[in-house]
There are 2 protein chains.
Amino acid sequence: MPLSDVVIVDTTLREGEQFIHADFSSESKLEIARALSDFGVRYLEVTSPAASRRSREDAQAIASAGLPGTVAAHVRCHPDDAAIALDTGVGALHMVMATSPILRAASHGKAISEVVRMAAEVAEFVRKRAPDVSIRFSSEDAFRCPLSDLMNVYLPLAELKLFDRFGIADTTGAATPDRVADVVGLLHRLTAMPIEFHGHNDIGCAVANAHAAVTNGATHINTSVLGLGERNGITPLEGMIAVMYAADRAGTMARFRLDALPGLCRRVAELAEVAVPFNQVLVGETAFSHKAGIHTKAVYNDPRAYEALDPADFGLTREIAIGHRLTGWNAVR
Amino acid sequence: MPLSDVVIVDTTLREGEQFIHADFSSESKLEIARALSDFGVRYLEVTSPAASRRSREDAQAIASAGLPGTVAAHVRCHPDDAAIALDTGVGALHMVMATSPILRAASHGKAISEVVRMAAEVAEFVRKRAPDVSIRFSSEDAFRCPLSDLMNVYLPLAELKLFDRFGIADTTGAATPDRVADVVGLLHRLTAMPIEFHGHNDIGCAVANAHAAVTNGATHINTSVLGLGERNGITPLEGMIAVMYAADRAGTMARFRLDALPGLCRRVAELAEVAVPFNQVLVGETAFSHKAGIHTKAVYNDPRAYEALDPADFGLTREIAIGHRLTGWNAVR
Ligand SMILES: O=C(O)CCC(=O)C(=O)O
Ligand SMILES: O=C(O)CCC(=O)C(=O)O
Ligand SMILES: [Cu+2]
Ligand SMILES: [Cu+2]
C-alpha cells in the first residue's frame with residue numbers, strides 16, 4: 001500500500017484518554033472527534049464502553065454524531081464488554097489481549113491457547129449478534145512475545161475467518177524499525193490479513209516504526225494528537241502526517257486539510273493541559289525556524305534548501321533569525 | 001559495532017547553538033561541555049572558530065579545559081577556516097560541504113568535482129600543518145543527493161587516505177530508516193571508512209535513523225541535548241541513550257552516568273530558554289507515568305510489565321495515577 005493511502009486510526013479518545021494529564025469531558029471528546037473528522041481522519045477509536053458509565057455514554061454520543069467514517073470501541077476479550085460496546089452503536093470492535101509472557105503473567109495470567117479461545121469466543125458472539133460490525137483483534141506487547149507464541153495466536157484466529165483485521169502493538173515502546181519490519185512483514189505474509197500497528201514512543205522510534213509497519217504490509221496505523229497516551233505516548237498524528245507528506249505531498253493534501261492540523265494540536269494540548277513541545281514535528285513553535293547565516297541565506301534564495309516540508313501547506317510561516325553572530329557568519333565569507 | 005559501543009559525538013555546542021532560541025554565553029558553553037563530559041560523552045563538536053571572535057575564544061577555552069576525550073571544530077571547506085580552527089588547539093576538524101543539487105545551488109554553487117577538490121585541498125593543508133589532528137569530511141544534505149554524485153564525492157576522497165572518518169547528514173530531516181540503512185550501508189561497504197551519521201528530525205525519524213545508521217555500519221552518531229538544533233533539531237542525546245540502553249542496559253550503564261541525564265537536560269533547557277517537552281524520551285515529565293487501571297495494576301505486580309526502561313537507572317521515579325475512572329476499570333473486573 002502506498003504510504004499516503006494508509007488508514008489513520010486515531011486513538012486520541014482512547015489511548016489519549018490514558019495520558020496521565022487527560023481528563024476530557026464528554027463535550028471535549030465530541031469536540032475532538034469533530035475536529036479530527038474535519039481534518040480528514042475517518043477512523044476513530046474510543047475507550048471501552050465497559051470501563052465506566054461515562055465511557056458508555058460518550059461512545060454512544062460519538063457513534064451517533066454523524067461523523068464520516070468509523071467509530072470503534074476498544075474492548076477486552078470478554079463477551080460482556082463486547083455486548084456493552086455493541087449497544088453503543090459503534091461500527092467496529094477493537095479487541096485486545098496481552099500475549100507476551102511477562103504481560104500475561106502480570107495482567108490476565110492466561111496461556112496462549114486461552115488467549116486464542118477467548119478471542120474466538122468473543123468474535124463468534126459479535127459476528128452472530130452484529131454481523132455488520134467489523135472486528136479487529138490485537139496482541140498487546142507483541143514485540144516482547146516469542147514469534148512462535150505470536151503466530152500461535154494469529155494463525156488459528158485467521159483460520160476462523162471471523163476477523164476483519166489484526167492489530168499488533170509495541171506496548172512498551174522499545175521496538176526499532178528493523179524489528180517492526182520483520183514481525184509485521186511475517187504476520188502479513190503468514191495471515192494475508194489487513195494489519196494495524198500501534199507503537200509507543202519510549203525510545204523515540206514510534207513514527208519510524210509506523211513507517212516500517214506500512215512499508216512491510218500494515219494497512220492501518222494508530223495515532224493520537226501529539227502522541228498522547230500512556231507514559232510519553234504513541235505515534236503522533238502530526239508525525240505520521242509528516243511522513244506521509246514527505247513521501248507523497250499531493251496525495252496527502254488530497255486526503256487531509258493540512259492547514260487545520262496546527263489548530264487541532266493546539267486545542268487538544270489545551271484540553272490535556274500540556275504545552276505543545278517546542279520541538280514537536282510540524283506543529284512545534286520552532287519547526288520552521290532558521291538561524292545560522294549559511295542557512296538563512298540559502299533559505300532566502302530557495303526555502304526548499306533547508307525545508308523538506310512547506311510551512312504554507314500547514315497554514316504556518318517560517319521564522320528566520322537575523323542579527324545573531326551565527327547569522328552574520330555567512331556575510332563575512 | 002554493537003549498538004552500545006557507538007561513539008556519541010555531541011554537537012549541542014555547534015548544532016545546538018544553531019537552535020533559534022539558544023544564545024549560550026561562554027560560561028554556559030563551558031558548563032555544558034563539563035556536564036556532557038561528566039555524563040560520559042567523550043566527543044564534543046563546537047561551532048566553527050571562524051564564525052566569530054567569540055566562537056574562536058570559546059573553542060579555545062573548551063579545547064583547553066582538560067576534558068576527557070576529543071573536542072572537534074566544525075569548519076567549512078576553506079583553508080582559512082581550517083587554519084583558524086587549528087589555532088584553537090582542537091583535536092579534530094569536522095569539515096562539511098553541501099552535495100545535493102538543490103543545496104549546492106542555493107549555497108556554494110559549486111560542482112561535485114569542485115567539492116572533492118576543495119575537501120582534498122583543506123585535508124592536505126591540515127595533514128601537513130597538524131598531523132595529529134583528526135579529520136572528518138561530511139556531506140551536507142546527502143539524502144537529497146543522487147547516489148552517484150555522493151559516491152563521486154566519497155570514493156575519490158577515500159583514495160587520498162587523508163581522512164579519519166566520513167560524515168553523512170540528513171540535513172532536511174526527511175529520510176526514513178530504510179533509506180538510511182541503504183545509503184549508510186553502501187557508503188560503509190564501498191569506502192571501508194568509519195562513518196558518522198547526523199540526522200534532523202523534521203518528520204520524527206531522527207532517533208530511528210541513528211539506530212539504522214549504526215546497525216548498518218556507522219561508528220559515530222551526532223546528538224544534542226533535547227535534540228536542540230536548526231528547526232526542530234536532530235537526534236536527541238536522550239533518545240540515542242534510550243536506544244542503546246534498550247539494546248544493552250549493562251553496557252550503556254558502564255559507559256554513562258545515566259542518573260545525571262535528567263539534570264543535564266533540565267539545565268540545557270534552562271540555558272536555551274525552552275521547557276523540557278512533556279513527552280521527551282526518558283526525561284519528559286510523563287515518561288514514567290501509568291494511568292489506566294489495567295496498567296497500574298500490572299505495574300504494581302511487576303513494573304517491567306509496562307516499562308522497557310527502569311526509571312531508577314536514570315535517578316527517576318514512576319508516577320501511578322489513582323482514583324481516575326480509567327484507573328478504576330480493572331477494579332470492577
Ligand atoms: O489495541 C491495541 O492494539 C493496543 C493496546 C495498547 O494501547 C497497547 O498495547 O499499547
Ligand atoms: O557536519 C555535519 O555532518 C552536519 C552539518 C549539519 O548540521 C547538517 O547538515 O544538518
Ligand atoms: Cu498503547
Ligand atoms: Cu544539522
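Is A:Glu121 buried, partly exposed or exposed, and what is its relative accessibility? Start there, then work through the salt bridges, the copper sites and the contact between the chains.

Reply: A:Glu121 counts as partly exposed, at 34% relative accessibility. Keep in mind that this is a predicted model.

The partner of A:Glu121 is A:Arg117, and the two form a salt bridge with the closest N and O atoms 3.0 Å apart. Both residues sit in helix H5 (residues 112-129) of chain A. They are four residues apart there, so about one helical turn separates them. A:Arg117 is also partly exposed, with a relative accessibility of 42%.

Side chains of opposite charge can pair when their charged atoms come close. Over all chains, the count comes to 46 salt bridges.

B:Arg14 and B:Glu45 meet in a salt bridge, at 2.8 Å from N to O. This pair links distant parts of the chain, 31 residues apart. B:Arg14 lies in the loop between E1 and H1 of chain B, and B:Glu45 in strand E2 (residues 43-46) of chain B. B:Arg14 is buried, because its relative accessible area is 7% and the cut-off is under 20%. B:Glu45 is buried too, at 0%.

A further salt bridge joins B:Asp149 to B:Arg104, with 3.7 Å between the closest N and O atoms. B:Asp149 belongs to helix H6 (residues 147-159) of chain B and B:Arg104 to helix H4 (residues 101-106) of chain B, so the pair ties together parts 45 residues apart in sequence. B:Asp149 counts as buried at 19% relative accessibility. B:Arg104 counts as buried at 13%.

In chain A, salt bridges that share partners form a network. It joins A:Arg14, A:Glu15, A:Glu45, A:Arg136, A:Arg165 and A:Glu196.

A:Glu15 leads on to the metal. The copper ion (ligand 3) has three protein donors: A:Glu15 (OE), A:His198 (NE2) and A:His200 (NE2), lying 2.0 to 2.1 Å from it. Their spacing in sequence is E-x182-H-x1-H. A:Glu15 comes from the loop between strand E1 (7-10) and helix H1 (26-39) of chain A, and A:His200 from the loop between strand E7 (195-199) and helix H8 (206-214) of chain A, so this pair ties together parts 185 residues apart. Both A:Glu15 and A:His200 are buried.

The copper ion (ligand 4) has B:Glu15 (OE), B:His198 (NE2) and B:His200 (NE2) as protein donors, at 2.0 to 2.1 Å. B:Glu15 lies in the loop between strand E1 (7-10) and helix H1 (26-39) of chain B, and B:His198 in strand E7 (residues 195-199) of chain B, so the pair bridges 183 residues of sequence. B:Glu15 is buried at 2% relative accessible area. B:His198 is buried at 8%.

H8(A) is mostly covered, with nine of its nine residues buried. Among them are A:Asn209 and A:His211.

Now the contact between chains. It takes 82 residues from chain A and 81 residues from chain B. The buried area is about 7,000 Å², and carbon and sulfur atoms give 59% of it. Elements giving two or more residues to the chain A side include helix H7 (177-191), H8 and helix H12 (293-301) of chain A. H12(A) gives the most, with five residues. By class, that side has 36 nonpolar, 25 polar and 21 charged residues.

Note on methods: Residues numbered from 1 in each chain as written. Chains lettered and ligands numbered in written order. Predicted model: local features only at pLDDT ≥ 70, side-chain atom pairs only at ≥ 80, totals over all residues. Heavy atoms only, no water. Donors = N, O, S within 2.8 Å, 3.2 Å for Na, K, Ca; no water. Buried < 20%, exposed > 50% of the residue type's maximum accessible area, 1.4 Å probe, protein only. Contact = heavy atoms within 4.5 Å. Buried area = accessible area lost by both parts, 1.4 Å probe. Nonpolar A, V, L, I, M, F, W, Y, C, P; charged D, E, K, R; others polar. Salt bridge = Lys/Arg side-chain N within 4 Å of Asp/Glu carboxyl O.
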